[in-house]
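Trainee: I am new to this one. Could we look at it together, one question at a time?

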Amino acid sequence: MLGHNQNVVYQVNTYYNEKVQHRKARVTKTVHRIAKVVQDILKEVEAQEPRFINTLSETSTGRFDGIVVHSPSEYEAVLYLNQMGVFNFVDDGTIQGCAVLKLSDGRKRSMSLWVEFITASGYLSARKIRHRFQNIVAQVLQTPQFSEYCKLLQDNTDVRVRVDDKYTVQITCAFRCNGIWPRSASHWPLAGLPWPNAALANQTKAEGFDLTSRETAITQQNNPNKQASTMEADAWAMKMHGAENMLLTGGRRKTLSILKSLRDSHMDFPGTPVTNYILKTLVLYECEKHCSEYEWEDTNIGDRLVGVLLQLVSCLQCRRCAHYFLPSLDLLRSKPTHSIEHSAQLAWHLVRKLMIDPNALQTL
């Protein structure tokens with residue numbers, strides 16, 4: 001095992017300064033390219049449908065608020081919608097990882113900006129909004145301005161665009177929910193754990209979450225009930241990137257960055273189920289096992305890497321990885337068995353090398 005010594009500190013810092021920083025620089029460059037393309041697309045979309053307003057913006061630090069990096073070739077841009085106010089947020093756990101937006105009592109459909117997307121039962125349909133948005137994006141991408149370097153991928157109902165024949169970006173419509181916390185995550189933080197402290201837990205809950213319009217992983221085989229399938233299609237998927245990021249600072253963030261780089265080098269293949277998000281989820285679980293700050297210092301990061309990767313192997317072997325805040329949601333749901341098995345082999349090979357070779361990070 002890497003162990004606890006100055007050699008580990010040297011390896012960790014060398015790997016971070018060389019491999020991780022190189023990856024970050026490459027991804028940052030790509031993000032700027034992706035953001036420029038998405039902003040140009042959304043400008044044309046807004047001209048056709050003013051309700052889809054471009055909310056992608058560059059921060060003072062050069063980052064783009066609204067862009068999520070899933071891998072060096074997979075990105076997501078979140079388009080925040082306006083006027084959710086006439087709807088009630090209903091999170092009763094019926095649909096895993098999702099909630100519905102129901103027209104408030106006494107409110108008329110005409111009071112909503114999204115009147116034509118409200119179902120007969122009074123629910124704002126994520127599927128209908130996504131379908132409308134996809135149609136407009138398809139029209140925009142057929143114009144000469146975009147047709148040479150952008151292509152709409154139509155393998156599902158999500159709005160996914162292939163850029164420069166190298167990158168894929170999913171543009172997701174969402175509502176921002178600040179200051180509220182989903183009932184499905186009411187168990188968090190777990191009682192008796194010193195991490196996170198009360199102040200950080202309260203800040204994390206205040207960050208809230210996003211309600212996103214995306215195709216969920218449920219299949220007809222898993223849910224033959226047509227009515228239930230329709231309900232899930234109309235529901236909004238909860239995404240908690242902001243809350244998760246608040247919890248990952250210092251050595252925890254550094255550990256995740258190293259894991260992302262290791263993933264790109266040793267566990268990436270077409271259709272891999274091991275995403276940056278799964279690694280982030282497992283780091284959060286590792287934080288509950290190792291609550292003290294000193295356990296995330298450079299001398300201990302080697303052990304944290306091994307711990308997270310062992311968790312990953314276990315999840316892949318069990319074919320289940322529970323969402324950190326929404327444990328009823330399985331992040332490996334619907335992933336092909338052969339891809340999961342191959343990933344388990346790659347993850348075990350990687351963690352085995354880290355465990356038996358004291359200089360592993362120098363050769364990985």
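Trainee: Which residues lie nearest the centre of the second largest pocket?

Mentor: This is a predicted model, where local features need pLDDT of at least 70, side-chain atom pairs count only at pLDDT 80 or more, and totals for chains, interfaces and linings use all residues. Residues are numbered from 1 along each chain as its sequence is written, and side-chain values use heavy atoms, without hydrogens and water. A pocket is an open set of points on a 1 Å grid over the protein atoms alone, where a 1.4 Å probe fits, with protein on both sides within 12 Å along at least five of seven lines; lining residues have an atom within 4 Å of a point. Of the 41 lining residues, those nearest the centre are Arg63, Ile67, Val68, Val69 and Asn245.

Trainee: Which element gives the largest share of that lining?

Mentor: Helices (H or I, at least four residues) and strands (E, at least two) are DSSP runs, numbered from the N terminus. Several elements give two or more residues to the lining of the second largest pocket, including strand E2 (64-65) and helix H7 (250-266). The largest share, seven residues, comes from H1.

Trainee: How many residues line the largest pocket, and which lie nearest its centre?

Mentor: Strand E9 (167-177) and helix H8 (276-289) are among the elements that each supply at least two residues of this lining. The lining has 45 residues, and nearest the centre lie Asp158, Gln170, Arg214, Thr275 and Lys335.

Trainee: Which residues is Phe325 in contact with?

Mentor: Contact means heavy atoms within 4.5 Å. Leaving aside neighbours within four places in sequence, the partners of Phe325 are Trp181, Ser184, Ala185, His187, Trp188, Thr204, Met240, Ala243, Glu244 and Leu247.
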